[in-house]
Each structure stands twice: as structure tokens, then as C-alpha cells.
Amino acid sequence: MADTSDVLVVGSGIAGLAAALAAARNGSDVTLATKATRPEGASSWWARGGIAVSRDDPEQFKRDILAASDDTADPGAVDVLVENANDAVEDVLFETLDIQFDRVERRSTEADERAATPASRAALDYTREAAHSEDRILHVDAATGRHVHVPFLNHVDDRPDVDLLDDTAALDLLRHEGRVHGAMLESDGEVWPHFAGGVVLATGGIGDLYPRTTNPDHATGDGVAMAALAGADVADMEYVQFHPTACVSDPPRGSNGSGEAAGGDGVAFLVSEAVRGEGALLRNGDGERFMPDYHEAAELAPRDVVARAVQTEREATGEVLLDVSPVEFADEFPGLAERCADHDVDWTDGIPVAPAEHFLCGGVAVDDRGRTSLGRLYAVGECARTGVHGANRLASTSLLEGLVWGLRAGEDAAGRSVERIEAPDLLERDPDLPDAFAREKFHRLRRVMDERLGVERDPDELGRAMAVLRRLKGEVDAYVRTRTSRSLYELRNASVTALLVARHAADNDESVGTHNLVDGGATPADD
């Protein structure tokens, strides 16, 4: 069995959907393959804060992005983002999808009228989040991702020129002489080659590499690993962003059989930075507000600063609470108030929070059209390193980056002829592995990542982390050679991606942004 399409998109978040939409608009027959079986399986669905736009001041937006990155972002890439922000949002989210962003009961300001069409944006409730210098974030309550993602997914699925394959994983890229010609796909145990004129990776993040994360399950770095194994360049893998205010109450992922894992409490849900943007305060276990001691912007400091402060105060005082008493919480954030109730969190006493792995700022290196170092291969969204984020991402720019680069990559990928090559014979000659195999390997991997490649990193421990991860990857590779299953390939991808994070961290001796180097901060995590 072999399939073909003009463009193959792997992943169904906002970046993948944008790529599929743009390719289809440009006359291509598109196949969109996604591991997800429901909208919640894509990271975009989980985005809480919103989507930032340039409004009438792209230069200030650019300055905020560069400042949040510790001046490590690529100015050219930031130009692409801010100069295309308003048009991309207007085209897709307003005109195509008619997203009903929150509005306020007021007359539109002169800035609103200059920045947008009156029918689409007048009286929109722009909000502010950490490290933004002005209100520029469109949102729907504090659950913007799902309100954008579901109608976008339905719109793309309804197009006759897009074939959406859910519960379908890409296992390997089909590569020959520096070009990618498709991918090996898997669904329900069946594996087949899919050939395409262009392949767009939009596989999301790496949350499964950590015990505490805001990502959905099965975020195993598939796109990064497949691209790297095919020979594509990757960059900035050490820049892993931790969100500072994940509500902690549920057991963490990464079970060792007892439901426990390195990292302590698990993530119940993400508390959007919009809550702090409206005035909520962070207090330690002694009831003291501490952020003014760490940064002049206090609760609205860049994410890496707030995450380190929250971790420090948790270690010193036992807990950190987000005090929402200065906010009309139930009225302004009804969805979050409901989630608190669902998890037996009494928000009137403060919401218990901790840092959790949130976003990979690096990934597969791409240009301003999402093109990788391999011909006909593109990467967009979180699995791509566009250069926009540098060492630390500005809040509410991930959906925007996925939208802008997805549209540009999809347009560029369209129009190429399909070339078939000889597909590899993926072996299935040995017995299935026990369920405990992958669970035990993931537990080891997450322990190393949590203890040595988390919010703080001890330079002396990074080499040891690499040694442990190399051994783990070698063990997994030995099984992949004779067995073909989605769970085993996910474990391979996670081990490859984890090793890339460790290697890039060890090679970077500059403490900057999310790559925070300290002395003596790690604990042993050997076998």
C-alpha cells in the first residue's frame, strides 16, 4: 500500500492547519496526518492566554519580543512575525473562521480603528501578559486555544482538497539525496509509505520528556527527532521554556508503577498569564508577595524570570500561591474558575502553582518560509526553530508564530511534483515488548530531564546527563531495529530529542533566558 498527495502535513495544531489551508488554497491536494484522535490531542487546543497581534505598533511589539528573549531572537524573523501578524489574524481567524474573541462594552479607540477593520475588531478586549508593554492580546476567556483550534480543524476537515487522517502517526521521513519525498505512516498497526511533493512537520512540543508539563500526552518531539535523524539541521534545543503558573494537584505523568515520578506534584491545568495581567499576585508559603524582589516588572516579568522565582520560593517556603483576590476571577475567567472547581482547588484561598515544561523555543532550523536544510521538508509551529523566540518566548506568540509560518510554509510547499523512491522495510520480526518496557524507559528519561535539564542546570551535571541519555537511546535503538510500533517510535523520538536538548545545553556555556546555569543545583539521576 502506498499513498500520494501534493503536500503532506504532519500534525493538526494551528501551524499544521494553517499549512494545510495555505497549500490547499494554492491548488494542492493535501493530506493531513495527525496522531490525535480528538482536538485535545493537539497542543494548540491547550493554549490558554491568547494570540498577540501588532495592532498599530509593530515596532513596539518587536522590541518586546527581543527584550523577552534576552536579545537573542533573530531580528529578521521577528520582523516577519510582527509585519504579518495583523493580516494573518484578519484573514484566517476573523474572515475565514469568524472567531468570537472577547469584547468590551466600550467605543473603539482611535488605535483600534487604525489597526483593524471596524467590523472585525472594534471594541475587542485586548489584554496584556508578562513582558508585553501594552494591551495587544486577543483572547476567549482563558481558553483561546480550543476556541480557535476546533473551528479551524472543522474548516480544514470540510475542504474537499484536504484528506485528514486522525490516529495516524509518522514514523520516519522518506529521504533520498538531500530531499524528503514523504513519510512512513502508521495507523492501527498498519504501516505504509506516503509520497508527497512537500512535507510539512507540525508535530508540536516535547512535554512527554518531563514529569510536569502543560502539553497534551504523546508530545514526544516526533518532528524534531525525525528531521534530525534524516539529517536536517536543528538549533537552540537547550532553550526549553517552563510556564511559571501551572496549577499543581494531580499526580505527575511519568509513572514508575506507583504513580510517582521525579518532580513532585503534577499539573492539573495551566493558569494563564492573563490572570496576572489583570492583577493577580504571587505569594510564597509565608504569604509574602515576592516578585518585586526579583524583577522591576514583578508578576509581569519575562517567563524565565518568574519561573525561576517561583521555583526558588517553593523550595524555600514549601509552596507558592497565585492570589486572585485582586481580580474579579469568576467573572473575568469563568473557565478557569470552573476548572478550579473540577480539581477541588479553592481559588479564594489562592491557586497552588509551580513551573511546568511548556514550550520548546528551539527545534528544526527553518528560514522565513519554514524551509529546512533538506529539500522539500518544512517545519512549523513548536517543532521549528524560526529564530523568533531566541532563548525565551514572549507570552501569546506561539499561536501567532504557528499561524504566520504555517501559512507561509504551506504556500511555498504547494506546486511540486511527487517523486516516488524506494521505501524502507520496517521490520516486525520479534515479539511485542511488555507494556512496562516503555513506561520504565520514559521514567528514566524524565528523571534525567527533570533533575538536570529543568529550570536550573548545573554545568558539571550536563555531561553525566548526556551519558545516561546516550545509554538509553542505545537500548531503544536496539529494539527499533527489529520492531515497528507507534509507542516504540515515540520512545525513540523522545530519547533522540532529549539527547539533543542535553547536547545543546552542554555546548552552551552562556547562562541566558531559559538556559539558566547554576553551580551545584542538580542531584544524581544515574541508573
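**Exercise 1. Which residues have the most contacts inside the largest nonpolar core, and how many residues does that core have?**

Before working through the solution, note that this is a predicted model, in which local features need pLDDT of at least 70 and side-chain atom pairs count only at pLDDT 80 or more, while totals for chains, interfaces and linings use all residues. Residues are numbered from 1 along each chain as its sequence is written, and side-chain values use heavy atoms, with hydrogens and water left out.

*Step 1.* A nonpolar core is a set of buried Ala, Val, Leu, Ile, Met, Phe, Trp, Tyr and Cys residues joined through side-chain atoms within 4.5 Å, where buried means under 20% relative accessible area, exposed over 50% and partly exposed in between (1.4 Å probe, protein chains only).

*Step 2.* The largest such core has 124 residues, and those with the most contacts inside it are Leu93, Phe101, Phe152, Leu201, Leu403 and Leu453.

*Step 3.* Leucine 201 touches, among others, Val10, Gly223, Met226 and Ala227, when residues up to four places away in sequence are not counted; contact here means heavy atoms within 4.5 Å.

**Exercise 2. Describe how helix H7 and helix H15 meet.**

*Step 1.* Helices are DSSP runs of H or I with at least four residues, and strands are E runs of at least two, numbered from the N terminus.

*Step 2.* The axes of H7 (residues 222–230) and H15 (residues 486–507) come within 8 Å and cross at roughly 80°, the axes being lines fitted to C-alpha atoms over the stretch in contact, with angles from 0 to 180 degrees between N-to-C directions.

*Step 3.* H7 and H15 are therefore roughly perpendicular to each other, a label that covers angles of 65 to 115 degrees.

*Step 4.* The contact includes Met226 of H7 and Val496 of H15.

*Step 5.* Seven of the nine residues of H7 are buried, Met226 being one of them.

Note on methods. Parallel < 35°, antiparallel > 145°, perpendicular 65-115°, else oblique.
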